[in-house]
Amino acid sequence: MLRYLARRLLVLALTMVAASIVIFLLMSVVPGDPAQFMMGMNADPAALAALRAELGLDRPLLVRYLEWVGGLVIGDFGQSYTYRVSVSQLILDRIGLSLPLAFLALLLSVVIAIPAALFAAQRHNKAGDISVMGLSQIGIAVPNFWFAMLLVLLFSVTLRWFSAGGFPGWDAGFVPAMKALTLPAIALALPQASILARVLRSALLDTLGEDYIRTARAKGLSRGQALRRHAFRNALIPVLTIIGLQFSFLLAGAIIIENVFFLPGLGRLVFQGITQRDLIVVQSVVILLVFAVTLVTFLVDIAYAFIDPRLRRGTV
Amino acid sequence: MSKRFAIGAAAAALLLGSTALAGAQETGATIGMQLEPPNLDPTAGAAAAIDEVVYANVFEGLTRFAADGTIVPALAREWSISDDGLTYTFTLADDVTFHDGSAFDAEDVVFSLTRAMAEESTNAQKVLFEDIASVEAIDPATVEVTLSEPNGSFLFNMAWGDAVIVAEESAGSNATNPVGTGPFRFENWVQGDSVTLARSDTYWGEPPALETVTFKFIADPTAAFAAMMAGDIDAFPNFPAPENLVQFEADPRFAVIIGSTEGETVLGINNSKAPFDDVRVREAIAHAIDRQALIDGALFGYGTPIGSHFAPHHPAYLDLTEQSNYDPERSRTLLEEAGLSDGISVTLKLPPPSYARRGGEIVASQLREVGINAEIVTLEWAQWLEQVFTNADFDLTIVSHTEPLDINIYARDDYYFRYQSDQFKAIMAELDETSDEAARNEILKRAQQQIADDYVNAFLFQLPKTGVADARLKGLWENAPTQANDMTGVYWEE
C-alpha cells in the first residue's frame, strides 16, 4: 500500500512540473500585449513602456518563470495585471462560487442518478427501464446552456421565483447565495445525472450476472435486495471514475453555464483573463485546475484501493 | 395537514422574500453593463467600463461633460484665460471633501495633473496633458495652469475621465478602492458580479435622488435580455442585443432610449500599403458601400451614416455622405483606372464587437460586387491591438473610434491607417491656436473636408447608443458625449 501511495505521489509531482512548463510557455507565445490592451487606442508609447516595466513584462522569460513557480510553491500567485489585486484573492473569491456550485451539481446528479439506475436495473428491458434510459438519452442530448435558458425563462422571467442570474456573494447570507446557485446547479446536474445513471445501470446489470448474485438469490433474497446489498457496491468502481471526472469537469467546465447566469466563477475568470491578456491570472488558474484534476484522480485511485483490495497489492 | 401547509408556506415565503423586496425598491437603481471594469481608477487604464462606473459619480474633474456634450464647470466653478491663450486661472469649489474625509484644495489639482503628465505616468490619455508647462496653486482655492502653446481644446481635455482630480493619499489604491469628490462614494465590489455605490452625505453640490447605484455586469446578450425581463436590472444603457429592442418597445414596462455616441465607425484602410496608397482605390472602396443597407443589417436600423470622421450631432458637423455615396459603377471605373480591372484580394480583419463582426460580413459582400475579394479574419481585441493597431499589419478593418472629437488622430503619422498629410497637420495646428468657438468650427469643417477628399478610410456610420430602462426610471443620458453612466440626475418617477 505504501509503495502504491509513493508511486502515485511521484506521478502527481512530475505532472505538476511538466504542466507548469507547458502552461507558462503557451502563455508566453500567445499574441497580444497586456499593457497595450489596458491602455487602448490612444496610448502614449512612453506610458505603455512605463506600464510594461511596472508589470515586469520587460524581464527575461526564465526569470519570470522561476519567479512564478517560486511564488506558487509558497502560495503566492502574484498580482493580476488588470485587476491590480493579488491573484490568490481573485481565485479564492471565485472558488467560493465554483466549488459549492460543483458540489451542489454533483450531489444533485448523484441523488438523481442512483435511484434512477437502481429503478432501471431492477426492471431490465421493461417499460420502466426503457423510459429511464430514454429520459437520460434526452438529458445527455439537450445542450445544457439551452436547458439553462429554459429554466431562466420559466422560473425567472415568467414565475419570477429566482433572479435571472448573478451571485450576491456569501456575505449576503446563506439563503440568497444558495438561491442564486439553484438554477445553475440544476442545469449543470442534468447531463451529468444522465451519464451517471446510464453508467451505473450497465455496471449493475453486469454484476447481476455474477455467481455471487446467484448465490445471494439462492439464499432467498429478492432481485431488488440482491441488487442493493451485493451488486451495488461492486458496481461502484466505474461510477467512482465517472464521478471523479465529472467533478473536475464541473469545477473548470462550468463556463457556459456561468455565462448564461452571469456568475463570477473560475471559468469566467479564465475567459476574462484570456481576452484581457491577464496572463498571470490565466496561468495561475490553469495550474490550479491541473492540480485539482490530478489530485482528484489521485484520490479516486486511492479510493479504488479501498473498495477493491486486489488493487492494493502492487499490480497497478 | 395544516402544520405541513404552514411549513410549506414559510419556506415559500423565505424563497420569494428577497425577490419581492427587490421589486419594491425605489431608492436605488441597478444598472446593467456588458463589460466589467478591470479596475476603478480612470487615470490608469483605457477601458471604457471604468468611466461607465465612476465618471461623474465617484470622480470629478475641473470641468465635465454635460448630457448634451457641452463642457460645464465641475470642481472648477469658473476660470479666466489670458489673452495669449497660455494661462488658465481656475477658481475651485468651496467645502469639497474627498470620500475619506480629507479636504480638497488646489494642491490636489496640482498633484493630479503633475502625476498624469509625469515621466512614469501610466495615464492612457497622456496626450491630453502634453502641452501643460506648469501647474501652480496660487491659494487653496485658485490654480493656475500654464500651457507651452495655446490649446483651444484644453477645457475639453480636462473634462475627460482620465483628467479627474484624485488625492495624493488615495491615488495608489483607487484601482480597488476609489476615493473621489463626487456625489456617490464607492461601497463594495463583488468581483465578477457588481459594483455598488452609495450616496455621499458630504457632497458639496446638489445631492442626487438615488441612495444607491449598483452596476451589474452581464456579458452574454441573452442573459442581459432575461435579466431585464425578470426585473433584476432597472436599466441597460448600452443594451448588447439590438435585435431585442423591438420586443422592449412593445412592452409598456420598458422605455427604449436611442441616442448617439462619439463612435465614428470606419472601414479602416492601410494607406501605406499598395494598392491602397492610390487614392482612386480608396475612393472605389468608399463608393462600394451601401451605408443604409449596412446599418439595417448590422444594427437593426439604428445608426447614422457618415461621410467623414465627425459626429453628426456636433455643431461643426459637415454632411459629406454624398461624397462617398453608394455607386458601385463608379467603384468599378475607378478600379479600372487604377489598373485593377481584374479585381483584387484583400484581408478584412475584424475585432470582436458585433457592429464589426456583423458589419464585416455585409461590407465584404458589398466589396465583392465591385471586384474586391475581402477575406474575413476575426481577431480578439488583444490580437487586433497588436496586429492592426500597433503593427499596421492589415489591409482593411472595421472599428469604432469612440473618443469624443478625435479627428486629430489623422495628424499622427504612425496611427494605424498610416495617413500622412502635411495639409491636414497644418489644419490641426491652426485649430490648436484658435480658441474662438465659431472660428474653431470653421477649421473643423475644413478638417472633415480634407480627410473626405483624401478618402483616408471608408466612413461608415455613427455608432448608436441603444438602451433599455424601466419606464419609471428617468434622467438617464440619452446620448453618450463620453462613455459614462452619469447617475447624478437619475430618479424614480412616482
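Q: Let's start with B:Thr261: is this residue buried or exposed?

A: Buried means under 20% relative accessible area, exposed over 50%, and partly exposed in between, using a 1.4 Å probe and protein chains only. B:Thr261 counts as buried because its relative accessibility is 11%. Before we go on, note that this is a predicted model, where local features need pLDDT of at least 70, side-chain atom pairs count only at pLDDT 80 or more, and totals for chains, interfaces and linings use all residues. Residues are numbered from 1 along each chain as its sequence is written, chains are lettered from A and ligands numbered from 1 in the order in which they are written, and side-chain values use heavy atoms, with hydrogens and water left out.

Q: Where does B:Thr261 sit, and which residues is it in contact with?

A: Strands (E, at least two residues) and helices (H or I, at least four) are DSSP runs, numbered from the N terminus. B:Thr261 belongs to strand 12 (residues 254–269) of chain B. Contact means heavy atoms within 4.5 Å. Setting aside neighbours within four places in sequence, B:Thr261 is in contact with B:His313, B:Gln462, B:Leu463, B:Pro464, B:Lys465 and B:Ala480. Its side chain also reaches the backbone nitrogen of B:Gly263 at 2.9 Å.

Q: What is a nonpolar core, and which residues touch the most other members of the largest one?

A: It's a set of buried Ala, Val, Leu, Ile, Met, Phe, Trp, Tyr and Cys residues joined through side-chain atoms within 4.5 Å. The largest here has 116 residues, and A:Phe261, B:Phe215 and B:Phe239 touch the most other members. Helix 14 (residues 279–307) of chain A supplies the largest share of this core, ten residues. A separate second core of 65 residues includes B:Phe310 and B:Leu460.

Q: How much area is buried between chain A and chain B?

A: Buried area is the accessible area (1.4 Å probe) that two parts lose on being put together, summed over both. For chain A and chain B that's about 4100 Å², with carbon and sulfur atoms giving 58%. On the chain A side, A:Met41, A:Asn42 and A:Phe262 lose the most area to chain B, together 20% of what that side buries. The contact takes 48 residues from chain A and 57 residues from chain B.

Q: How many salt bridges does the rule find across this interface?

A: A salt bridge is a side-chain nitrogen of Lys or Arg within 4 Å of a carboxyl oxygen of Asp or Glu. The rule finds one between chain A and chain B. A:Arg277 forms a salt bridge with B:Glu380, their closest N and O atoms being 3.1 Å apart.

Note on methods:
A polar contact is a pair of N or O atoms within 3.5 Å; within protein, one must be able to donate a hydrogen and the other to accept it, and residues adjacent in sequence count only if both atoms are side-chain atoms.
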